[in-house]
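Subject: A structure to look through

Dear colleague,

I am handing over the structure below, together with some notes on what was found in it. Please keep it open beside this email while you read.

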Amino acid sequence: MRFSQFPLTTLKEVPADAEIVSHKLMLRAGLIRRLASGLFTWMPLGLRVLRKVEAVVREEMDRAGALELLMPAVQPAELWQESGRWDRYGPLLLRMHDRHERAFCFGPTHEEVVTDIARRELKSYKQLPVNYYQIQTKFRDEIRPRFGIMRAREFIMKDAYSFDIDRDGMRESYDRMHAAYTAIFERLGLRFRVVDADSGEIGGSRSQEFHVLADSGEDAIAYCDEDGYASNVETAATSRPDVERRAPVGELEKFPTPGVKTIADLCGLLDITPDRTIKTLIVEGSDAPVALVLRGDHELNAVKAQKLDGVASPLTMADDAAIRGAIGAGAGSLGPVGMPLRTYFDHATAALSDFTCGANEDGFHYKGVNFGRDIDEPETVDLRNVVAGDPTPGGRGRLGIARGIEVGHIFQLGAKYSEAMGATVQDESGRNRLMEMGCYGIGVTRIVGAAIEQNHDDKGIIWPQPLTPFDVVLVPINMHRSEAVREAAEALYVEMTEMGLDVLFDDRDARPGVKFADAELIGVPHRLVVSERGLGNGELEYRHRRDEDSRMMKRDDALTLVRETSIG
């Protein structure tokens, strides 16, 4: 591709609305252009990368025995009403009506549609197992689209759905998809982890997420290589501390704390650390508000909390009026001593003695609080997010915390949708049996952004070879004023193209610095520079995008290096 025939517009300045590295660089490098909030046009350069992702995904899905189809993006409401998700899915679901006032939605996912296909097409156990997949546009009406394509409203996703006669078969299909996903991310050259996860709105008995590791990742991952453990922080379990609690040394004392509303305020007043305090949060319950008690330096885990008996799901914090009506004090002065509400204590609180907490009276706190004396010994539960240094669930190591970008999620759905929608086949004895389903999603567009978050420097993108829009950028110096340079560059362009290399030939009449800066910004792995000085020695200037310096190489050696590292 000649740069002069490729309408690529790069930007020197960082767009004002770009928040993270991938968003900034994708706009600056001309990969995408914003149309509206959460909606982006993929420009030719970006589309080349996107198609490479799709190709790898498609090849591995086909290799795993999945069958590609293409389902409509617009789905009738009746299917979602059958599954019970029409009302439950909430405002993320973009609803619409056609000219006949029939209700539809723009699909954020396709469990209902594919289950309808299966119940119509599959009649016998002999047709199973089967796995349908598609690569298609989805729409989720995010309340606050942000981070460019990472949390856009419209995106491209690969979604697959397996159907089996029993749970053993479903687990085998799930394992095949796990292996296929691992192969996909390995082939794309990305550093990633597979973590246990919550199944969320999709549902099912088990799910795992695939995370590309990056400091900017929205998700926290708890892991321990020694124990072979990895989990999303949302689902990583904690246990009751295996330590003996210190005996009380102080008396219970109530003291005034005017203006103290937070743990930080309290610690500043008393010159103590947050791990010597307790915080009490009030959430909505199925019948009445519920109190959740954690150590002051720990963070409530909403996924865990909303599964507790009597706690409303999704988890919702009680408002001030409800708190005052139930306790007689406002948030910031609450504590477990004399708490009139149903109360859950986090495991970590059980190790505390002589701690400080609210007194359930505005402007007052207690210090010197102890279990067994001032509060009944608690039956603790898992309420919090894990932190670095926590023991693993297996007890054989300590957890580390990394940031990750979720790019894939696989689910063991079981019969959730087939039961709701009557998707059955006849088994060997002629009885109708519900099909066991699995669901497997990959964020195709999100992979592009995640790859940039993991591979960049202050000059621009550094594509892994499998994702690069071009294999090599060819930069002639002053070709419009040197016949020798022009002829050599043209010949080199033809030769590399015939080798099967995807070449970006920068034939623009522009200064070398401009060409080099654009090449670094768009991240092409290999750069070859043709100059009069190099031609005199039969050499080309070579530089890999990850290298600090260029080096002179014999022409044939440079071509061999580029071909072998690009094509193999």
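Gly-408, which belongs to the stretch of strand S20 (residues 400–414), stands opposite Ile-442 in strand S23. Please bear in mind, here and in what follows, that this is a predicted model.

With strand S10 (residues 206–213), S20 pairs in the antiparallel sense over eight bridges, and if you look for a position to start from, you will find Gln-208 opposite Ile-410 of S20. Strand S11 (residues 219–224) also runs antiparallel to S20, to which five bridges join it, and there Tyr-223 stands opposite Gly-400.

Is S20 mostly covered or mostly uncovered? Of its 15 residues, 12 are buried, and the strand is therefore described as mostly covered, where buried stands for a relative accessible area under 20%.

A separate point concerns an open sheet of three strands, which follow the order S4-S6-S5 with antiparallel pairing. Strand S4 (74–76) and strand S5 (94–97) stand at the edges of this sheet, and because each has a single partner strand, one side of each is left without a neighbour in the sheet. From one strand to the next, the twist averages 35°. Between S4 and strand S6 (residues 103–106) there are three bridges, and the two strands run antiparallel, with Pro-76 placed opposite Phe-104 in S6.

How many cavities of 30 Å³ or more does the count give? The count comes to one, and the volume of the largest cavity is about 80 Å³. The residues that line the largest cavity are Val-473, Ala-519, Glu-520, Val-524, Arg-527, Arg-543, His-544 and Arg-545. Helix H13 (512–522) and strand S29 (539–544) are the elements that give two or more residues to this lining.

With kind regards

Notes: Residues are numbered from 1 along each chain as its sequence is written. This is a predicted model: local features need pLDDT of at least 70, side-chain atom pairs count only at pLDDT 80 or more; totals for chains, interfaces and linings use all residues. Side-chain values use heavy atoms; hydrogens and water are left out. Buried means under 20% relative accessible area, exposed over 50%, partly exposed in between (1.4 Å probe, protein chains only). Helices (H or I, at least four residues) and strands (E, at least two) are DSSP runs, numbered from the N terminus. Two strands pair if DSSP finds at least two bridges between them. Axes are lines fitted to C-alpha atoms, for helices over the stretch in contact, and angles run from 0 to 180 degrees between N-to-C directions. On a 1 Å grid over the protein atoms alone, a cavity is a set of points where a 1.4 Å probe fits but cannot get out, and a pocket is an open set with protein on both sides within 12 Å along at least five of seven lines; lining residues have an atom within 4 Å of a point. Grid points are joined across faces, edges and corners, and a volume is the space filled by probe spheres set on the points.
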